[in-house]
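Here is a friendly walk through one protein model and its ligand.

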Amino acid sequence: MNYRHAYHAGNFADVMKHASLALIINYLKLKEKPFFILDTHAGTGRTDLSGIEAQKTGEYRDGIARILAHEHPHELLKPYLETLAQLGCEGPEPTSYPGSPLIAYTLARPQDRLSFCELHPEDSAALRALFHKFKRAKVFEIDGYTALKSMLPPKERRGLILIDPPFEQRSEFERILQEIEQFHVRFATGTMMIWYPIKDPSLSGAFVEHLEHTGPEKTLRAELFIRASDDPTRMSGCGLIIINPPFTLPDQLTTLFGWLKDVLAQDPGARARVEWIKK
Ligand SMILES: C[S@@+](CC[C@H](N)C(=O)[O-])C[C@H]1O[C@@H](n2cnc3c(N)ncnc32)[C@H](O)[C@@H]1O
């Protein structure tokens, strides 16, 4: 495991993923009934943007820093940006950026329960230190995929599973396809959000094509490209697969990603696409 999220924290991929996460959690909060959130690849929970890693790539400058510097951020970013502000991430020069566990925890309510899996010993120690006082969130230093078996279905019978692996291995897409099948058997009514990178479009394209043939009903794909996809060694975009999305989400993401592609564009090839893979 060589991947360290600190190099990428707050980049365009985090923005699109975390803004979508906030919209889904806000929807879950419309009902009083408690929900469960499982983050299978959780990271450290917070990144110091003045640290060596974030400064080395400077990726956050073309991600969250652009959003925070914008005079009129889109209103669909409100739950995300309000959460960041609560966590001390404000513009125009943010000094830290929260990860998915901290964003989810801040949005969740006292009756909700959260589990975070992180396999890297240093990162899981950092995450544990961040959450050790909070009873409704638990950190596990385990392979997040095993949690899909041991922790589902949740007793709450409603909730969100976030799968956000590092994609260090080409086999990650295949692994996810297997897990989706299992997920559907164990927790068919839950919402699952999977993040994936788009470098070589044929690789992510094959993943989506497989889902078109074998995936569950109610599967949405939302992709954001910040540049033309002409170099398969660089991440030109990234996508989310969302199974059982809130019914409001397709329209929200169509509008929001249309706005993000203009604000986060790095060349004229920037574009967005939100569509049902299976309805
Ligand atoms: C993309 S980062 C997660 C970012 C985080 N979800 C966020 O949005 O802030 C992927 C994380 O997964 C961890 N990881 C890699 N393989 C794992 C596995 N099998 N189970 C759990 N965590 C894993 C890595 O150490 C890394 O911290």
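## A tour of the predicted model

Phe12 is buried, with a relative accessible area of 6%. Please keep in mind that this is a predicted model. Phe12 belongs to helix 1, a helix that covers residues 12-28. Phe12 and Lys33 are separated by 21 residues in sequence, and their C-alpha atoms are 33 Å apart in space.

### Around the ligand

Let us turn to the ligand. Which residues come nearest to the ligand? Among the 20 residues around the ligand, the nearest are His18, Ser100, Glu118, Gly144 and Asp164. Sorted by class, this shell holds 6 nonpolar, 9 polar and 5 charged residues.

| Side chain | Ligand atom | Distance |
|---|---|---|
| Lys17 (N or O atom) | oxygen | 3.1 Å |
| His18 (polar atom) | oxygen | 2.8 Å |
| Ser100 (polar atom) | nitrogen | 2.8 Å |

How much of the ligand's area does the protein bury? On its own, the ligand exposes 600 Å², and the protein buries 94% of that.

Helix 5 runs over residues 100-107 and is mostly covered, with 7 of its 8 residues buried.

Next comes some empty space. Rolling a probe the size of a water molecule over the atoms shows where empty space is left. The second largest pocket holds about 410 Å³ of space. Its lining is made up of 17 residues, and those nearest its centre are Tyr27, Leu28, Thr189, Thr191 and Asn244. By class, the lining of this second largest pocket divides into 8 nonpolar, 5 polar and 4 charged residues. Helix 1 supplies the largest share of that lining, with 3 residues.

Asn244 sits in the loop between strand 9 (237-243) and helix 10 (249-263). Is Asn244 buried or exposed? Asn244 counts as buried because its relative accessibility is 15%, and the limit for buried is under 20%. Asn244 has a positive phi of about 55°, although it is not a glycine.

### A cavity

How many cavities of 30 Å³ or more does a search of the whole structure find? The search finds 1 such cavity. The volume of the largest cavity is about 40 Å³. The residues that line the largest cavity are Leu177, Ile180, Glu181, Leu211, Thr214, Gly215 and Pro216. Helix 8 (172-186) and helix 9 (201-214) each supply at least two residues of this lining, and helix 8 gives the most, with 3 residues. The lining of the largest cavity has 4 nonpolar, 2 polar and 1 charged residues.

### Backbone details

Most residues other than glycine have a negative phi, and most peptide bonds are trans. With that background, here are some places to check in the model.

The peptide bond from Gly91 to Pro92 is cis, with omega near 0°. Pro92 is placed in the loop between helix 4 (78-86) and strand 3 (96-98). The peptide bond from Leu152 to Pro153 is also cis, again with omega near 0°. Pro153 lies in the loop between helix 7 (144-150) and strand 6 (159-163).

Arg157, too, is in the loop between helix 7 and strand 6. Its phi is near 60°, a positive value in a residue other than glycine. Is Arg157 buried or exposed? Arg157 counts as exposed because its relative accessible area is 56%, and exposed means over 50%.

### One more loop

The last stop is His41, found in the loop between strand 1 (36-39) and strand 2 (46-48). With a relative accessibility of 18%, His41 counts as buried. The side chains of His41 and Thr40 are joined by a polar contact of 2.8 Å.

Note on methods
Residues numbered from 1 in each chain as written. Predicted model: local features only at pLDDT ≥ 70, side-chain atom pairs only at ≥ 80, totals over all residues. Heavy atoms only, no water. 1 Å grid on protein atoms, 1.4 Å probe; cavity = no way out; pocket = protein on both sides within 12 Å on 5 of 7 lines; lining within 4 Å. Points joined across faces, edges and corners; volume = space filled by probe spheres on them. Helix = DSSP H or I, 4+ residues; strand = E, 2+ residues; numbered from the N terminus. Nonpolar A, V, L, I, M, F, W, Y, C, P; charged D, E, K, R; others polar. Near = heavy atom within 4 Å. Polar contact = N/O pair within 3.5 Å; in protein donor to acceptor, adjacent residues only side chain to side chain. Areas by Shrake-Rupley, 256 points an atom, 1.4 Å probe, with all protein chains shown as cover. Buried < 20%, exposed > 50% of the residue type's maximum accessible area, 1.4 Å probe, protein only.
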